[in-house]
Amino acid sequence: MRQRDATAEDRLERLLELQTLLARVSREIGPALELQPVLATVLRAMRSLVDFRGGTIQLVEGGSVYIAASDPPVSPDVAAARLPIGTGLGGRVVSTGEYVYSADIQHDDRVDVRLRRLGSNAGMRSYLAVPLVCLGRVVGLVQIDSTEPDAFDADDLHVLEGLATQV
């Protein structure tokens with residue numbers, strides 16, 4: 001993961017932006033009774049602080065992971081795909097409970113080649129995902145991607161982890 005060259009002032013400004021965003025997201029999703037509005041709120045919040053091509057919130061169902069929400073919408077074949085827990089990048093996030101980063105999925109052996117080339121996944125190069133944990137159990141993941149190799153840094157990871165905690 002690349003390192004961002006930032007002054008102390010830049011880091012403080014970014015931290016304040018993140019805290020403000022997390023407080024706003026918490027206010028918006030706290031009273032929500034439906035899942036889809038919560039997921040849409042989180043995806044919008046991610047866009048405000050992280051530059052990415054596509055983002056998804058994926059949930060566990062049975063022994064696999066599926067896309068519950070995305071920004072922008074994924075292709076129908078990607079939406080229909082199910083990834084077994086423990087396989088691929090997203091499946092590893094769920095099985096380990098730890099974030100996964102791939103600076104270039106085109107050269108990452110952990111990635112399912114068929115899934116890499118499927119529909120809206122085809123242009124993806126960088127991938128970053130963090131687990132969604134509820135009551136100590138991983139229930140899904142938050143993921144972003146880019147068409148640029150090594151597009152994400154530690155600040156992006158912190159934003160995703162903060163949003164995942166809110167969900």
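Me: What share of the contacts in the protein chain with a separation of 6 or more comes from residues 24 or more positions apart?

Reply: In this predicted model, residues 24 or more positions apart account for 54% of those contacts in the protein chain. The chain holds 6 helices and 6 strands, and from the N terminus the elements follow the order α-α-β-β-α-β-α-β-α-β-β-α.

Me: Where does D104 lie?

Reply: D104 belongs to the loop between β4 (100-102) and α5 (113-116).

Me: Why is D104 called buried?

Reply: Its relative accessible area is 16%, and buried means under 20%. The value for D104 falls under that cut-off, so the residue is called buried. Of the 167 residues in the protein chain, 44% are buried.

Me: What makes the pairing of the side chains of D104 and R125 a polar contact?

Reply: The distance given for this pair is 2.5 Å. A polar contact requires N or O atoms within 3.5 Å, one able to donate a hydrogen and the other to accept it. The side chains of D104 and R125 therefore qualify as a polar contact.

Me: Which residues is D104 in contact with, leaving aside its neighbours within four places in sequence?

Reply: They are R125 and P149. Contact here means heavy atoms within 4.5 Å.

Definitions and conventions:
Residues numbered from 1 in each chain as written. Predicted model: local features only at pLDDT ≥ 70, side-chain atom pairs only at ≥ 80, totals over all residues. Heavy atoms only, no water. Helix = DSSP H or I, 4+ residues; strand = E, 2+ residues; numbered from the N terminus. Buried < 20%, exposed > 50% of the residue type's maximum accessible area, 1.4 Å probe, protein only.
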